[in-house]
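Please look over the sequence and the model shown here before reading the points that follow.

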Amino acid sequence: MDKLLITGGRPLAGEVRISGAKNAALPIMCAALLTDQPLALDNVPRLMDVRTMAKLLGLMGVEVGPQADGRLQLQASQIKDPVAGYEMVKTMRASVLVLGPLLARCGRAKVSLPGGCAIGARPVDQHVKGLQAMGAVITVEHGYMNATANRLKGARIVMDLVTVTGTENLLLAAALAEGTTVLENAAREPEVVDLANCLKAMGARIEGAGTDTIRIEGVGSLAGARHRVMPDRIETGTFLSAVVAAGGKVRLVNTAADTLGATLEKLREAGAKIAIAGGAIEVEMAGRPQSVSLTTAPYPGFATDMQAQFMALDCVASGTGQITETIFENRFMHAQELQRLGADISIQDNTAVVKGVERLLGANVMATDLRASASLVVAGLVAQGETLIDRIYHLDRGYEALEHKLSGLGAKIARVR
Ligand code: UD1
């Protein structure tokens with residue numbers, strides 16, 4: 001199994017190109033289920049999760065073109081089998097995003113329940129509740145959600161909590177429903193906006209995406225379209241935090257700085273100089289960062305997907321930072337691994353208190369989930385000596401060519417067996 005070997009202690013310098021956003025590409029790929037015409041996508045990242053979604057759609061009969069230069073074309077001329085089996089859903093929870101569009105297009109769907117994952121329970125009750133409000137009948141048997149509906153009907157849905165994929169699932173379903181759907185307490189994440197923009201290009205009538213109230217006038221059919229996937233704000237934030245931890249000067253291109261407000265604010269607080277010019281972000285860091293404290297929250301708050309990388313940053317900062325996780329109940333697994341590198345972290349309930357240390361020392365560590373792996377990479381880039389990160393298949397799910405991009409910035413990093 002592949003591992004990453006990092007020899008830390010070098011500043012980063014140069015230019016890096018950010019890929020398209022995983023969390024936008026996955027729901028947008030599901031939009032292809034809503035039309036028999038081709039959906040042509042640009043800026044699609046080369047990631048395991050994208051391949052998994054392509055495979056899942058392919059199993060249903062969607063024609064999936066080759067992925068080259070960020071392009072990917074999908075066409076669901078017909079859907080033979082509206083099913084997402086356990087084997088697929090267990091490898092990628094976002095598979096549940098097919099539920100809404102399959103119901104809207106085929107009137108039936110069978111989707112495995114995702115179950116828990118390393119970072120917490122992660123139920124899908126809000127997805128189910130919303131679809132039921134639109135007239136779907138959903139039963140759970142043998143670990144599967146069996147859903148049927150004649151044509152889905154528009155409804156006013158007040159979501160009990162802010163859920164990103166829940167909002168996306170309902171948005172996808174409502175696009176083809178009869179009448180108007182109003183989603184209240186909707187997620188405001190930029191990826192929801194990107195999905196709405198793609199749906200609008202296909203002919204959907206959507207207002208308010210990016211606010212907590214989204215209004216969708218269902219249409220009878222949707223057409224094909226061409227859409228460019230937004231830049232990955234979490235990949236951008238991961239590179240930025242790596243530079244701020246390791247020091248140096250890096251220009252990131254193909255970014256969307258307007259989606260990174262909370263992250264940029266915290267990096268400036270840590271002492272980084274950040275300049276934004278069009279689609280590029282330049283970051284410069286000299287000396288040791290200052291500790292920052294943060295609390296994760298739905299967008300536009302500080303992203304839970306950036307929490308682990310900032311913990312790595314705080315590990316080597318001057319001062320003490322408090323990190324509070326409010327979105328997932330078990331998202332501090334990286335703390336124990338960071339401690340293996342010499343970090344001083346104590347955890348009380350959902351708050352981690354991180355006392356910055358003068359130096360981390362390389363060690364063998366284990367990646368436990370996608371963003372936890374990213375935090376180990378950030379720490380490994382700073383630690384003295386060699387850090388060997390095991391189970392990096394987590395990284396391959398969400399970071400395109402991470403080791404090549406970091407090597408291009410002068411890091412000593414290699415994939416080893
Ligand atoms: C998405 C992102 C993930 C990110 C997360 C939070 C994708 C593919 N993944 O995941 O990277 O970490 O948003 O920003 O976009 N919840 C319920 N019931 C539901 C749905 C969610 O109780 O029906 C809870 C979850 O357990 C969690 C919280 O709501 O505590 C937020 O989860 P949610 O926003 O749904 O996360 P995902 O969409 O799965």
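What follows is a short briefing on a loop proline, a helix, a set of paired strands and the cysteines. The model is predicted, and the values given below are computed from its atoms.

**The loop at Pro-231**
- Pro-231 lies in the loop that leads from strand E14, residues 225-228, to helix H8, residues 233-246.
- With a relative accessibility of 13%, Pro-231 counts as buried, because the cut-off for that class is under 20% relative accessible area.
- Leaving aside residues up to four places away in sequence, Pro-231 touches Ser-19, Gly-20, Ala-21 and Asn-43, and it also touches Asn-254, Thr-255 and Ala-256.
- Between the C-alpha atoms of Pro-231 and Glu-191 the separation is 9.6 Å, while along the chain these two residues are 40 residues apart.

**Helix H7**
- Glu-191 is also one of the buried residues of helix H7, a helix of 12 residues that covers residues 190-201.
- The length of H7 agrees with expectation, because 12 residues at 1.5 Å a residue should span 16 Å and the end C-alpha atoms are 17 Å apart.
- After H7 comes Gly-203, a residue with a positive phi near 110°.

**Strands E2, E15 and E17**
- Strand E15, residues 248-253, runs parallel to strand E2, residues 12-17, and six bridges join the two.
- Within this pairing, Ala-13 has Lys-249 of E15 as its bridge partner.
- E15 also pairs with strand E17, residues 280-285, but here the sense is antiparallel and there are five bridges.

**Cysteines**
- How many disulfides does the count come to? The count is zero, where a pair of cysteine sulfur atoms would have to lie within 2.5 Å to be included.
- For Cys-30, the closest cysteine sulfur is that of Cys-198 at 11 Å, which is too far for a bond.
- Cys-106 is partly exposed, with a relative accessible area of 29%.

Key:
Residues numbered from 1 in each chain as written. Predicted model: local features only at pLDDT ≥ 70, side-chain atom pairs only at ≥ 80, totals over all residues. Heavy atoms only, no water. Helix = DSSP H or I, 4+ residues; strand = E, 2+ residues; numbered from the N terminus. Buried < 20%, exposed > 50% of the residue type's maximum accessible area, 1.4 Å probe, protein only. Contact = heavy atoms within 4.5 Å. Expected span 1.5 Å × (residues − 1). Pairing = 2+ DSSP bridges.
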